[in-house]
Amino acid sequence: MAAIFRARKVSSTLFCNFFRTPIRQLATASDASATQSSSSSPMSNHAVCSLVLSTSTMQVGSKIHNISAGTSQSALTNPIFSLDISSQFGSCMPISMMRIGTLIHNIELRPGEGGKLVRAAGTAAKILKEPSASKYCLIRLPSGREKLIDTSCRATIGTVSNPEHGTKRLRKAGHSRWLGRRPVVRGVAMNPVDHPHGGGEGKSKSSGGHGKVSRTPWGKPTKSGYKTGPLKRRK
């Protein structure tokens, strides 16, 4: 039995060595061809792939540009920058380079922090004040609120794609569960052991007592001006 086991072990080792060498040679050849192709292409050494928010007018093959605040004057002589800024949908640039009335999205709150505002599907903000006039620019958000943002912050021109997202209706209750939304049960429909609003007669929130205000499931008041946030440091 020991001799048979040794023979099997030797045969398996030879089999692996026989098929392992060509694979290494093929891998080496493919690496060499990839190296040659990368050296022949001038842009392959500097190519970076990244995901960006798609605009409503963006298509396959569309060219977009990422312009930073420290762009040199020699680079600004490119014919791309002589075009109308409002027509460069999908391009990212500082707000100071835009004009009044431009629709933008993916806006930074602080320079270099990354886009934070207006990222939902089908949304866009509008520039209400000339960005080059002062350090801060007045922008109207989709909610209707007007906010002052530093003009050195960057934003993307255009409207976010998929505007039909807000009008889509759910087919059934299970569709909401597929989206990760769990059911919400009212406190007055629970028992007193489960929620401070539970129990009592009818839809009362007293739970057997009188004069109680709305509370969280852990008994913390939620109305009547009760301070729920951290106390501000007194000067």
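Tutor: Gladly! Two strands pair if DSSP finds at least two bridges between them. Helices (H or I, at least four residues) and strands (E, at least two) are DSSP runs, numbered from the N terminus. This is a predicted model, where local features need pLDDT of at least 70, side-chain atom pairs count only at pLDDT 80 or more, and totals for chains, interfaces and linings use all residues. Residues are numbered from 1 along each chain as its sequence is written, and side-chain values use heavy atoms, leaving out hydrogens and water.

Student: What makes β6 and β7 a pair?

Tutor: β6 and β7 (residues 146–150) are joined by five bridges, in the antiparallel sense, and the rule asks for at least two, so they pair. Within this pairing, R140 stands opposite E146 in β7. Five residues lie between the strands of this hairpin, where G144 takes a positive phi near 100°.

Student: Why is V118 called buried?

Tutor: Buried means under 20% relative accessible area, exposed over 50%, and partly exposed in between (1.4 Å probe, protein chains only). V118 has 10% relative accessibility, so it counts as buried. V118 sits in the loop between β4 (115–117) and β5.

Student: And why does N162 count as partly exposed?

Tutor: N162 has 41% relative accessibility, so it falls in the partly exposed class. Its place is in the loop between β8 and α2 (173–178).
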